[in-house]
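Please open the model in your viewer, with the sequence panel beside it, and follow the selections below in order.

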Amino acid sequence: MILEPVKFIADAMLGRLARWLRILGYDVVYESVISDDDLIARALKESRVILTMDRNLVERKSAKNSFFIESSDYKEQLRQVIIRYNIDYKSKIFTRCILCNEQIDTIEKERIKNILPQYVYMNHDKFYNCRRCSRIYWPGTHRIKIISKLNEILKDVNR
Ligand SMILES: [Zn+2]
């Protein structure tokens, strides 16, 4: 049996956490303005775990599949979610658009030659683009920074 990876919906306070989970390849709905009712309805409809800093929301009966985030520090939040949901932070990292939550696909370098900065075109061979917003991603120095930040966040998580 193949288990579907857990999907999330994050409340308006948790934008940074949502972005980080997307970086790790997880499907996270995030809207900066959404009512509690809409958030719960969407979570139920799409089988998503609600991530929230709102204790009242967690206590609502209809929000039973929810996880209360205590810390206001995104690093602690991320660590909490990774531990609680046994998040695989290695195999799907950098497979999703952090802006719109879509998966990204490889794209041939020559097809985007005209829109890439020249030094990027010259120095990289692997490119990906988002199915929805067409944003282009490539393995560059920002990824190295992300991985080192991730290692810092996870340094005392024993796996
Ligand atoms: Zn996108």
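The protein contains 6 helices and 7 strands, where helices (H or I, at least four residues) and strands (E, at least two) are DSSP runs numbered from the N terminus. Read from the N terminus, these elements follow the order β-α-β-α-β-α-β-α-β-α-β-β-α. What you have open is a predicted model, in which local features need pLDDT of at least 70 and side-chain atom pairs count only at pLDDT 80 or more, whereas totals for chains, interfaces and linings use all residues. Residues are numbered from 1 along each chain as its sequence is written.

**The whole chain**

With everything displayed, the C-alpha atoms fill a box of roughly 55 × 35 × 35 Å, taken along the principal axes. Colour residues 8-84 as domain 1 and residues 104-153 as domain 2; these bounds come from an automatic or database domain assignment. The centres of domain 1 and domain 2, taken over C-alpha atoms, are separated by 27 Å. Of the 159 residues in the protein, 22% are buried, a residue being buried if 20 or more other C-beta atoms lie within 10 Å of its own, exposed if 12 or fewer, and partly exposed in between, with C-beta atoms placed from the backbone.

**The largest nonpolar core**

Next, select Phe 8, Ala 10, Leu 17, Ala 18, Leu 21, Val 28 and Leu 51, which touch the most other members of the 23-residue largest nonpolar core. Such a core is a set of buried Ala, Val, Leu, Ile, Met, Phe, Trp, Tyr and Cys residues joined through C-beta atoms within 7 Å. At least two residues of this core are supplied by each of strand 1, helix 1 (15-23), strand 2, helix 2, strand 3 and helix 4 (74-84), and the largest share, 5 residues, comes from helix 1. Centre the view on Phe 8, which touches Leu 21, Tyr 26, Val 28, Arg 48, Val 49 and Leu 51, not counting residues up to four places away in sequence; two residues are in contact if their C-beta atoms, placed from the backbone, lie within 7 Å.

Now select residues 36-45, which form helix 2, and pick out its buried residues, Leu 39, Ile 40 and Ala 43. These lie on the same side of helix 2 because they cover an arc of only 95 degrees around the axis, the arc being that of the directions from the helix axis to the C-beta atoms. The buried residues of helix 2 pack against strand 1 (8-10) and strand 3 (49-52), whereas Asp 37, Asp 38 and Lys 45 are exposed on the other side of the helix. Following helix 2 is Ser 47, whose phi is positive, near 50 degrees.

Step back to Ser 32, in the loop between strand 2 (28-30) and helix 2. Is Ser 32 buried or exposed? Ser 32 is exposed, because 9 other C-beta atoms lie within 10 Å. Not counting residues up to four places away in sequence, Ser 32 touches Ala 12 and Gly 15.

Strand 5 and strand 6 (residues 127-130) pair over 4 bridges in the antiparallel sense, and Thr 106 has Tyr 128 in strand 6 as its bridge partner.

Definitions and conventions. Two strands pair if DSSP finds at least two bridges between them.
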